[in-house]
Amino acid sequence: MGILNRAETAAFFMGRDHFAILTHRRPDGDTLGSAALLCRGLRQLGKTAFVLENPEVTPKYTYLMDGLTKKEAGEDDMVVCVDVAAKSMLPQVFSHLENRIALRIDHHINDRSFTENELVEPETAACGEVVYGVLKQMGIVLEEEMAKALYTAVSTDTGCFRYGNTTPETFRAAADCAAVYKNLRKLNQMLFETFSLARLRIQGWMVENAQFMAGGKICICAIPLQVEQQMGVTEDDMENISGFPRTIAGVVVAATLRQDADRVKISVRTDSTVDASAICAKFGGGGHRGAAGANLEMPMDEAVKVLIKHLPQI
Ligand SMILES: [Mn+2]
C-alpha cells in the first residue's frame with residue numbers, strides 16, 4: 001500500500017487514464033461533490049473519467065451527477081474512491097470492485113487500509129478540499145460546475161462552515177468557489193434552508209419523545225423504524241438528523257438512534273466538551289470529538305440501555 005501526498009497523487013492521475021470513481025453508502029454532499037469535482041477535473045485534462053452510478057443518491061444531490069455517471073467500471077478502468085472510510089462504506093453494487101481500488105482519497109483515517117494507494121488528510125474538513133488540492137497541483141482551472149461540486153462538498157461537511165473542522169483552508173476553497181460561481185446563495189438555500197414537511201414533522205416527534213438525562217445535558221432520541229415509516233421520511237429527509245437534538249439549549253451530548261436493517265445506528269453529537277468518538281469507540285465505532293457514530297446489533301430498546309450504561313458522567 002502506498003501512502004501518497006498531493007503531488008504524488010497528481011502524478012498518479014497524470015500518468016494514467018480511464019477512471020471510475022466510487023462514492024460511499026448513503027452518499028452525502030462531500031462524497032458526491034468530491035467525485036463530481038474529481039471527474040470534471042480529470043475530464044478537463046482530456047482524460048476519460050466517470051462516477052459510477054450510486055443507487056442511493058438522493059434527489060437533493062442529483063444536480064452534481066449530471067452527465068458524469070456510468071453503471072459499470074470498465075475492465076481497464078482505474079478505480080478511485082472518494083470519502084470512503086472503509087470497505088463496509090461501499091454500496092452493495094460496488095462490492096465486486098472493493099479489491100481493485102487503486103486509490104482512495106479521503107479525510108478519514110482507517111488503520112486497515114483497503115486500497116492500493118491512499119491520500120488521506122485527517123485534518124482537512126472535507127474530502128472535497130483534498131481533491132481540490134490535488135487538482136490544483138495538476139494546474140486545473142476551477143469552472144462553474146466544479147465550483148458547485150466543491151462548494152457542496154466543503155459546505156455540507158462543515159455544516160455551512162459552522163463545525164469545528166472548518167479551517168482557513170476551507171474558507172479559501174469556498175472563496176475560490178464564490179469567485180467562479182455567482183449564485184452560492186441559491187446553493188445555500190437549497191442545502192441548508194430547505195426542509196421537507198416530513199423532516200420538520202420528525203423533528204417535532206424527536207422533541208416530544210426525547211429522553212433527557214443529567215439535568216437536560218444528555219438527550220437521547222431513539223427513533224423506531226415504524227415512526228420513520230409513518231412520517232414517510234426518506235434518507236434525504238433524515239440527513240444529519242442527529243445534529244438536531246444537540247441544538248436544544250443545554251444539551252451537551254445528544255445521541256440519535258435509528259434502525260438500519262438488523263442494526264441500530266447510533267449517532268452522537270456533542271458540544272465538544274465531551275468526546276463523541278470515545279463514546280462510540282466503546283461500540284467499535286468512531287468519528288470526531290463533536291460527532292461520531294457506531295452500530296449495535298441488537299433491538300432498539302436494548303441499544304438505548306447499553307448506550308446509557310456507557311455514557312460518561314457529566
Ligand atoms: Mn467527508
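1. Helix α2 (residues 29-44) packs against helix α4 (residues 127-137) at an angle of about 15°, and their axes are 8 Å apart. Axes here are lines fitted to C-alpha atoms, for helices over the stretch in contact, and angles run from 0 to 180 degrees between N-to-C directions. That angle makes α2 roughly parallel to α4. The terms are set as follows: angles under 35 degrees count as roughly parallel, over 145 as roughly antiparallel, 65 to 115 as roughly perpendicular and the rest as oblique. Helices (H or I, at least four residues) and strands (E, at least two) are DSSP runs, numbered from the N terminus.

2. Two remarks on the model and its numbering. Residues are numbered from 1 along each chain as its sequence is written. The model is predicted: local features need pLDDT of at least 70, side-chain atom pairs count only at pLDDT 80 or more, and totals for chains, interfaces and linings use all residues.

3. The crossing of α2 and α4 is right-handed. A crossing is right-handed if the near helix is turned clockwise from the far one by less than a right angle, and left-handed if anticlockwise. On the α2 side the contact is made by Asp30, Thr31, Gly33, Ser34, Leu37, Leu38 and Gly41, and on the α4 side by Cys127, Gly128, Val131, Tyr132 and Leu135. Residues are in contact if their C-beta atoms, placed from the backbone, lie within 7 Å. Sorted by class, this contact of α2 with α4 has six nonpolar, five polar and one charged residues. In this scheme Ala, Val, Leu, Ile, Met, Phe, Trp, Tyr, Cys and Pro count as nonpolar, Asp, Glu, Lys and Arg as charged, and the others, Gly among them, as polar.

4. α4 also packs with helix α5 (residues 144-157), at an angle of about 140° and with the axes 7 Å apart. This makes α4 oblique to α5. Cys127, Gly128, Glu129 and Tyr132 of α4 meet Leu150, Ala153 and Val154 of α5. The contact of α4 with α5 has five nonpolar, one polar and one charged residues.

5. Helix α1 (residues 6-14) is another partner of α4: the two pack at an angle of about 65°, with their axes 8 Å apart. That makes α1 roughly perpendicular to α4. The crossing of α1 and α4 is right-handed. Arg6, Ala7, Thr9 and Ala10 of α1 form the contact with Gly133, Val134 and Gln137 of α4. Its residues divide into three nonpolar, three polar and one charged.

6. An open sheet of seven strands runs in the order β1-β7-β6-β5-β2-β3-β4, with parallel pairing. β1 (2-3) and β4 (69-70) are at the edges, each with a single partner strand, so one side of each is left without a neighbour in the sheet. Strands pair if DSSP finds at least two bridges between them. Strand β2 (residues 19-22) and strand β3 (residues 49-52) pair in the parallel sense over three bridges. Ala20 has Phe50 as its bridge partner in β3. Helix α2 packs on this sheet and touches β2, β3 and β5 (78-82), with its direction at about 160° to that of β3.

7. A sheet of six strands, also open, has the order β8-β9-β10-β11-β13-β12, and its pairing is mixed. Its edges are β8 (211-213) and β12 (286-287), each with a single partner strand, so one side of each is left without a neighbour in the sheet. Helix α12 (residues 300-310) lies across β9 (218-223), β10 (253-260), β11 and β13, running at about 155° to β10.

8. Within that sheet, strand β11 (residues 263-270) and strand β13 (residues 291-296) pair in the antiparallel sense over six bridges. Lys265 has Asn295 of β13 as its bridge partner, and Val264 stands opposite Leu296 in β13. β12 and β13 run antiparallel and are joined by two bridges. Gly287 has Ala292 as its bridge partner in β13. A hairpin of three residues links β12 to β13.

9. The protein is divided into domain 1 (2-192) and domain 2 (197-310), with bounds that come from an automatic or database domain assignment. Their C-alpha centres lie 27 Å apart. The contact takes nine residues from domain 1 and eight residues from domain 2. On the side of domain 1 that touches domain 2, the residues divide into two nonpolar, four polar and three charged.

Conventions: Contact = placed C-beta atoms within 7 Å.
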